[in-house]
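User: Please take a close look at one part of this model. Then set it beside other parts that bear comparison.

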Amino acid sequence: TAETFKQIKARDQKIESFLTLNEEAAVAAAAQVDQAGITDAEKLAGIPVGIKDNIITKGLKTTAASKILENFEPIYNATVMNKLNAARMINVGKLNLDEFAMGGSNENSAFKITKNAWDQTKVPGGSSGGPAAAVASGQLLAALGTDTGGSIRQPAAFNGIVGVKPTYGRVSRYGVIAFGSSLDQVGPMTRSVKDNALLLSAIAGHDKHDFTSSEREVPDFTAKLDGDIKGMRIGLPTEYLEQGVDPEVKEAILNAAKTFEKLGATVEEVSLPHSKYGVPVYYIIASSEASSNLQRYDGIRYGFRAEDVKNLEDVYVRSRSEGFGDEVKRRIMLGTFSLSAGTYDAYFKKAAQVRTLICRDFADVFANYDLILSPTTTSTAFDIGAEINDPVKMYMNDILTIPVNLAGLPGMSLPAGFSNGMPIGMQLIAPQFGEETMYRAGYAFEQ
Ligand code: GLN
């Protein structure tokens, strides 16, 4: 823990990944672990971990990178934090994100823009850009992120680390600041596949506080990491190599496919024809859910309240107008529009129907295949400032990660080479609750 804070102080001036450090409490917790000792079964005790700042931490400022929660100190812990505490991991601090996890570049944070670990003129990706850049720049071994439409996998790809979005329901969302409740999941971001599997084993499982969390048994996700993937059937969706994918990225994925074949797997082209509607479907559904979830920020219950207000309505209107950033407001407007009486059938309902078609495509492929392989993103990390004024372009970046959230599947991004010195990410997608297969293949590839 002492070494971690040394690294943070040496490196984070350049990267700007942390919003809040938890130094005093972390040092005390580490001393306690030292004193009590560690048993062989405790694989994570005493290991420092960073937390995306939309996961609430008791007594430690949690902002979601929004002005509206600038001074918010939660009075309880998210379930995942209780689980990390039970494993005696050390929470070293809170990491930057796009405001309320809405974005793909960290440029929507109300406080600072985190930089890519490999090139500080480039974005770290988002929304979990803080966690990804902190891990990739050698400040941390592990962090927790959240993924609603790619927010763990895309920044993992842009920074050359391993990021996993678990199956919807695998990890409790209790105490995770809600964005799109039918899509949100917490997941680990690490340097290696094995570390990732260890951390997911610690945070997964049923929680009576989250009725969407699954009662399925949580396996030890490290148990099957033996490098043997002979006979595994991998599908390579044609559409995921077409939609604006850079030639260097495509080549890296085709090379990865060859590596899997050498390891004894079969790789065949498959089709996910409705995935091309993923972006519009997601931005209707996620924004609709966000517009409902964000109603609670009224200037009364949490954080920021506008000054010199005249009456109750003024408290609501001015606190929200001054407290939310542009992207969050854009989503609230898009969401309330999609849900309103005159437009519901044309937008929200239609999006929900197309979501079902996207799910069915995956089910069809998984009838014959164990895993799906694709790029995580169409390109490597882009320049800071390059896309922030073009929301539609920014939204299109999520084209390869979003379908996985819409279908509730587990997805992993892991390093698959470089283009012009920037990391390329490849994505492995498994059927629901198929994380073990995904980890097994990722581990074999990494070796
Ligand atoms: N970039 C996507 C968005 O802005 C993904 C966000 C996320 O997964 N939290 O909605």
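**Helix α9 and its surroundings**

Helix α9 spans residues 312–323, 12 residues in total. From first C-alpha to last it reaches 16 Å, close to the 16 Å expected at 1.5 Å a residue (the expected span is 1.5 Å times one less than the number of residues). Helices here are DSSP runs of H or I of at least four residues, strands are E runs of at least two, and both are numbered from the N terminus.

The model is predicted: local features need pLDDT of at least 70, side-chain atom pairs count only at pLDDT 80 or more, and totals for chains, interfaces and linings use all residues. Residue numbers start from 1 along each chain as its sequence is written.

Which residues of α9 are buried? They are Ser-319, Arg-320 and Gly-323. Down the axis of α9, the buried residues fall within an arc of 90 degrees, so they line one face of the helix (the arc is that of the directions from the helix axis to the C-beta atoms). The face turned away from that buried side carries exposed Glu-313 and Ser-321. Buried means 20 or more other C-beta atoms within 10 Å of a residue's own, exposed means 12 or fewer, and partly exposed lies in between, with C-beta atoms placed from the backbone.

Now take helix α4, residues 129–136. Here 8 of the 8 residues are buried, so α4 is largely enclosed by the rest of the structure. Among them are Pro-131, Ala-134 and Val-135. Gly-138 follows α4, with a positive phi near 80 degrees.

The largest nonpolar core has 124 residues, and Val-49, Ala-143 and Leu-371 touch the most other members. Such a core is a set of buried Ala, Val, Leu, Ile, Met, Phe, Trp, Tyr and Cys residues joined through C-beta atoms within 7 Å.

Last, the strands. Strand β9 (residues 371–375) runs antiparallel to β11 (residues 422–429), joined by 4 bridges. Leu-373 has Leu-428 of β11 as its bridge partner. Strand β10 (residues 411–419) holds Leu-414. Leu-414 is buried because 27 other C-beta atoms lie within 10 Å. Its contacts beyond four places in sequence include Val-162, Val-193 and Met-426. Thr-376 lies 38 residues from Leu-414 along the chain, yet their C-alpha atoms are separated by 8.5 Å.

Terms used
Contact = placed C-beta atoms within 7 Å. Pairing = 2+ DSSP bridges.
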